[in-house]
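Dear colleague,

I am handing over the structure we spoke about, and below it I set out what was found in it. Please read the text with the structure open beside you.

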Amino acid sequence: MKNKVVLITGGTSGIGLACARAFGQAGARVVITGRDAGRLAAATAELQTAGIDCLAAQADVGDEAAATRAVAETVRAFGQLDVLINNAGLSMRARFQEVDLAVLRQLMQTNFWGTVYSTKAALPHLLASRGSVVGISSIAGYRGLPGRTGYSASKFAMHGFLEALRTELLPQGVHVLLAAPGFTASNIRHSALAADGSAQGESPRDEAAMMSADEVARHVLEAVLHRRRTLTLTAQGRLTVFLNKWLPALTDRLVLRHFEKEG
Ligand SMILES: NC(=O)c1ccc[n+]([C@@H]2O[C@H](COP(=O)([O-])OP(=O)(O)OC[C@H]3O[C@@H](n4cnc5c(N)ncnc54)[C@H](OP(=O)(O)O)[C@@H]3O)[C@@H](O)[C@H]2O)c1
């Protein structure tokens with residue numbers, strides 16, 4: 001990662017911040033984005049204290065002009081872009097029959113359109129550097145999860161988009177990684193949207209039992225260094241993808257039983 005420039009959307013918390021640490025410690029110059037100025041300042045200060053050459057760009061990925069501006073600021077500051085990590089994301093927890101459709105629109109805007117806007121703006125620079133586009137998807141991008149219709153749809157959309165893009169870019173040497181973490185300790189369940197669009201403000205799961213964001217970031221760094229196509233994390237996550245491929249009807253029932261425990 002020496003002399004490389006990495007742009008990470010949603011780099012103020014969880015997996016994004018951990019990726020900023022991992023790529024920065026591996027020698028990259030890092031730009032992080034996020035919507036909240038206070039969180040951006042705190043994350044940038046933490047990274048700089050750890051000796052990482054880091055800048056922040058305040059941007060909502062779901063706003064095309066802002067996402068484009070974040071890419072332009074990165075290239076203006078560091079002269080190049082080698083890795084774009086489409087990480088910014090939002091989740092939900094509500095049954096479809098009760099959910100306000102604005103929740104699904106917001107999830108598509110952030111998780112899917114945010115990835116599209118950032119990738120579109122970054123592509124000329126990634127073609128020049130023969131760099132990498134990373135999509136931080138989820139097991140929900142392989143297997144729809146109850147209570148997360150909009151989240152699953154947004155992650156499936158990311159998969160279709162990035163798989164098609166990878167194939168288009170094969171002759172030009174741009175690498176595309178689809179990373180699907182399993183349950184990871186972070187802020188994602190606190191900020192997840194409830195049926196009325198408010199943040200649920202708590203986690204219904206045991207965060208301490210999950211993979212750490214730092215471990216996810218180490219796997220993402222390795223996968224970028226080895227230009228892997230996919231990364232699927234946690235034993236439970238890999239088992240879910242495997243069972244869903246070969247025993248889909250059984251997986252319907254197993255997944256329902258698992259998520260019913262959340263209440
Ligand atoms: N944690 C898990 O269990 C898990 C599992 C699989 C996949 N993932 C995926 O991993 C990614 C990161 O999630 P996380 O778990 O690290 O969550 P997190 O701790 O909530 O971090 C989310 C980050 O995204 C930023 N963000 C949210 N909406 C944004 C927007 N519209 N524009 C720009 N930045 C935005 C947040 O900052 P601001 O709020 O300040 O903007 C924050 O920096 C997501 O794509 C998520 O779907 C997570």
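In which segment is N3 found? Before I come to that, please keep in mind that this is a predicted model. N3 is found in the segment that comes before β1 (5-8), and its phi is near 70°, a positive value in a residue other than glycine. N3 is exposed, since 10 other C-beta atoms lie within 10 Å. There is a second residue of this kind, R227, which is not a glycine and yet has a positive phi of about 45°. R227 is found in the loop between α7 (213-225) and β7 (230-232), and it is exposed, with 11 other C-beta atoms within 10 Å.

Turning to the sheet, seven strands form an open sheet in the order β3-β2-β1-β4-β5-β6-β7, and the pairing is parallel. The edges are taken by β3 (54-58) and β7, each of which has a single partner strand, so one side of each is left without a neighbour in the sheet. On average, and with direction ignored, neighbouring strands of this sheet are turned by 15° against each other. Strands of a sheet pair through backbone hydrogen bonds, either parallel or antiparallel.

Two of the pairings can be followed by residue. β1 and strand β4 (residues 83-86) run parallel and are joined by three bridges, and here L7 stands opposite L84 in β4. β5 and β6 also run parallel, joined by five bridges, and the bridge partner of V133 in β6 is V176.

β6 deserves a separate look. This strand is mostly covered, with six of its six residues buried. H175, L177 and A179 point one way from β6, whereas V176, L178 and A180 point the other way, and all are buried. In a regular strand the side chains alternate between the two faces of the sheet.

As for the helices, α1 (14-25) lies across β1, β2, β3, β4 and β5, and runs at about 170° to β2. Helix α3 (residues 64-78) lies across β1, β2 and β3, and runs at about 155° to β1.

For helix α5 (residues 149-169), the length can be checked: at 1.5 Å a residue, its 21 residues should span 30 Å, and because its end C-alpha atoms are 30 Å apart, the two values agree. The buried residues of α5 are G150, Y151, S152, S154, K155, M158 and L162. These buried residues pack against α4 (101-129), β5 (132-136) and β6 (175-180), so that β6, with six of its six residues buried, is one of the elements they meet.

Finally, the ligand. Of the 33 residues around the ligand, G10, G14, R35, G89 and S186 come nearest. By class, the shell around the ligand has nine nonpolar, 20 polar and four charged residues. At least two residues of this shell are supplied by each of α1, β2 (29-34), α4 and α6 (188-191), and the largest share, three residues, comes from α1.

With best regards

Note on methods. Residues are numbered from 1 along each chain as its sequence is written. This is a predicted model: local features need pLDDT of at least 70, side-chain atom pairs count only at pLDDT 80 or more; totals for chains, interfaces and linings use all residues. Helices (H or I, at least four residues) and strands (E, at least two) are DSSP runs, numbered from the N terminus. The expected span of a helix is 1.5 Å times one less than its number of residues. A residue is buried if 20 or more other C-beta atoms lie within 10 Å of its own, exposed if 12 or fewer, and partly exposed in between; C-beta atoms are placed from the backbone. Two residues are in contact if their C-beta atoms, placed from the backbone, lie within 7 Å. A residue is near a molecule or strand if its C-beta atom, placed from the backbone, lies within 6 Å of it. Ala, Val, Leu, Ile, Met, Phe, Trp, Tyr, Cys and Pro count as nonpolar, Asp, Glu, Lys and Arg as charged, and the others, Gly among them, as polar. Two strands pair if DSSP finds at least two bridges between them. Axes are lines fitted to C-alpha atoms, for helices over the stretch in contact, and angles run from 0 to 180 degrees between N-to-C directions.
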